[in-house]
Amino acid sequence: MKVKISHKLHNHQKDIQHFADNNIDTGIRISGLILEISEKSGELVVCDNGGSMPDCRHIVGELVGKYWKVGRLLPAVSLSINPALTRCIVNDFWFNNTFSGQIEALGSEQDILRPCSTRGRFSNILSAGEAAKRKGVRKTPLRAKEKNCDMCVCTHSGKTNHSQEAHELAYHF
């Protein structure tokens with residue numbers, strides 16, 4: 001059992017090191033963009049599925065509720081936070097529109113969309129990215145592999161739990 005756990009930890013460390021080696025510069029640029037949009041009345045808009053949902057809600061809470069202690073509020077919103085709104089969109093339109101409808105209605109060129117997905121293949125996440133592009137919203141996703149975005153914090157790990165844990169680190173860049 002000890003050997004098995006040790007092997008898993010070693011593989012996890014390799015994935016986290018690969019993530020760090022390949023994302024520090026991008027993380028710094030994205031952090032700068034988030035500060036820039038806060039000065040221009042923009043928001044960090046996150047959308048998420050599955051296990052990424054509570055993680056994204058957590059980082060929105062960190063940005064909006066905690067950073068005031070260090071002298072700066074950072075505007076952020078999670079598109080999954082309003083169950084009445086998301087259920088209305090899903091029931092009346094389609095699951096694919098869960099986030100894209102909100103981006104179409106509320107997004108602006110001053111905003112950054114951060115889709116959070118370990119796989120990046122869900123139709124509602126892809127649709128959100130397409131809506132962001134139409135609205136001129138920049139995209140800086142957290143996902144396993146880079147696709148169709150301005151800047152991506154990518155894990156390149158084939159293991160969902162390793163991707164989620166690396167994303168946790170990226171939330172706090």
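Reader: Which residues form a nonpolar patch on the surface?

Author: Met 1, Ile 5 and Leu 9 do, with about 360 Å² of accessible area together. Keep in mind that this is a predicted model. Leu 9 sits in helix H1. For the protein chain, the accessible surface comes to about 9600 Å², and 56% of that belongs to carbon and sulfur atoms.

Reader: Where does H1 bend?

Author: At Asn 23, by about 55°. The helix covers residues 2-39. Asn 23 is also one of its buried residues, along with others including Phe 19, Ile 30 and Ile 34. Just after H1, Ser 41 takes a positive phi of about 65°.

Reader: How many helices and strands does the protein chain have?

Author: Six helices and six strands. Along the sequence they run α-β-α-β-α-α-β-α-β-β-β-α. Of the contacts with a separation of 6 or more, 68% join residues 24 or more positions apart.

Reader: What tends to happen to nonpolar side chains?

Author: In soluble globular proteins, they tend to be buried together. Here, 43% of the 173 residues count as buried. The largest nonpolar core has 14 residues. Those touching the most other members are Ile 34, Leu 44, Val 46, Leu 63, Ala 76 and Ile 112. H1, strand S1 (44-48), helix H2 (52-66) and strand S3 (112-117) each give two or more residues to this core.

Reader: Which residues does Leu 63 touch, not counting those up to four places away in sequence?

Author: Leu 44, Leu 73, Leu 74 and Ala 76.

Reader: Now charges. How many salt bridges does the structure hold?

Author: Three. The criterion is a side-chain nitrogen of Lys or Arg within 4 Å of a carboxyl oxygen of Asp or Glu. Glu 36 pairs with Lys 40 at 3.4 Å between the closest N and O atoms. Glu 36 also meets Arg 138, at 3.8 Å, N to O. That pair links helix H1 to strand S4, 102 residues apart.

Key
Residues numbered from 1 in each chain as written. Predicted model: local features only at pLDDT ≥ 70, side-chain atom pairs only at ≥ 80, totals over all residues. Heavy atoms only, no water. Bend = angle between axes of the 7 residues up to and from the residue. Helix = DSSP H or I, 4+ residues; strand = E, 2+ residues; numbered from the N terminus. Buried < 20%, exposed > 50% of the residue type's maximum accessible area, 1.4 Å probe, protein only. Core = buried A, V, L, I, M, F, W, Y, C linked by side-chain atoms within 4.5 Å. Contact = heavy atoms within 4.5 Å. Areas by Shrake-Rupley, 256 points an atom, 1.4 Å probe, with all protein chains shown as cover. Patch = residues over 30% accessible without salt bridge, like charges linked within 9 Å, V, L, I, M, F, W, Y side chains within 5 Å.
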